[in-house]
Amino acid sequence: MALTMKDTFYISHGSPTLAIDNSIPARHFLQSWKDEVFPQKPKAILVISAHWDTSFPAVNIVHRNDTIHDFYGFPDSMYKLKYPAPGAPEVALRVKELLMASGFKRVDEARERGLDHGAWVPLMLMYPEADIPVCQLSVQSKRDGNYHYNLGKALAPLKDEGVLIMGSGSATHNLRALGMADGIVPWALEFDTWLKDALLQGRYEDVNCYREKAPHAKMAHPWPDHLYPLHVAMGAAGENAKAKLIHHSWQLGALSYASYQFKSAS
């Protein structure tokens, strides 16, 4: 019988340089993952990454994951990094089955797509051996938080099948505002604090409707792609799940690395 995964996670992956820059505190947090955060070894990992945005849900069905270097203007060494984790085609097809059974009428299959940096950069630090099968599910940035929460709800049975469900985005993500001021800019701090309070108080409906409820929502997330993986992780954990802040740090005054664990009630 597969190990049951009681928890789902949302990881703020911040800058791609997380892969090589030892001065970023979140790097050390992710490197401590197996020892201090989550010692269970999953059978497979499903990553919902901000960096795969499609009109309809899509899963990648491959036997070996290529490493996609989907970023520009970074040090040459970053383009040589590889994370050759096996694919998880059976899990990907199970994701499709669960989503379609829950009323998502179309789920596309990507049979040549590997892992984007929203997946492989954190996984390279969390599971450096690259020996756990990984597949990805896309976000749909033209939809809303409730839609992604329901996407997550449909995926909940995977936890009983030994699959670790992990959303990867950034708690704040306005790239044009990075490095504009000394210290943390007030709008980023206010949004980040609102999000933390709402999650820790279990106000998941407010988080689903963050655009209307949160201060500076449009400034913190000009596009919603980096927050929607949070809604998927939240939905997969279940409505009575308890949220816990497991890491918090900042980079360039406006990029929050707040990361959360959702512990299922049952």
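Tutor: Asp-206 is buried, at 19% relative accessibility, where buried means under 20% relative accessible area, exposed over 50%, and partly exposed in between (1.4 Å probe, protein chains only). Please keep in mind that this is a predicted model, in which local features need pLDDT of at least 70, side-chain atom pairs count only at pLDDT 80 or more, and totals for chains, interfaces and linings use all residues. Residues are numbered from 1 along each chain as its sequence is written, and side-chain values use heavy atoms, with hydrogens and water left out.

The side chain of Asp-206 meets that of Arg-203 in a salt bridge, 2.8 Å from N to O; the term stands for a side-chain nitrogen of Lys or Arg within 4 Å of a carboxyl oxygen of Asp or Glu. Arg-203 counts as partly exposed, at 26% relative accessibility. Asp-206 also forms a salt bridge with Lys-213, at 3.7 Å from N to O. Lys-213 is partly exposed too, with a relative accessible area of 47%. Elsewhere, salt bridges that share partners join Arg-94, Glu-97 and Glu-161 into one network.

By this rule the count comes to 11 salt bridges. Another of them pairs Asp-7 with Lys-263, whose closest N and O atoms are 3.2 Å apart. Asp-7 lies in strand 1 (residues 7-12) and Lys-263 in strand 10 (residues 259-263), so this pair ties together parts that are 256 residues apart in sequence. Helices (H or I, at least four residues) and strands (E, at least two) are DSSP runs, numbered from the N terminus. Asp-7 is buried, with 4% relative accessible area, whereas Lys-263 is partly exposed at 42%.

Now for the covered elements. In strand 5 (residues 134-139), six of six residues are buried. Strand 5 pairs with strand 2 (residues 44-53) in the parallel sense over five bridges; two strands pair if DSSP finds at least two bridges between them. Within this pairing, Asp-53 stands opposite Val-139 of strand 5. Helix 10 (residues 228-237) has 10 of its 10 residues buried, so it is largely enclosed by the rest of the structure. Among those buried residues are Tyr-228, His-231 and Met-234. After helix 10 comes Gly-238, with a positive phi near 105°.

What about cysteines? Cys-135 is buried, at 0% relative accessible area, while Cys-209 is partly exposed at 25%. A search of the whole structure finds zero disulfides, a disulfide being a pair of cysteine sulfur atoms within 2.5 Å.

Last, the lining of the largest pocket. It is made up of 21 residues, of which His-51, His-173, Leu-175, Leu-178 and His-226 lie nearest the pocket's centre.

Notes. 1 Å grid on protein atoms, 1.4 Å probe; cavity = no way out; pocket = protein on both sides within 12 Å on 5 of 7 lines; lining within 4 Å.
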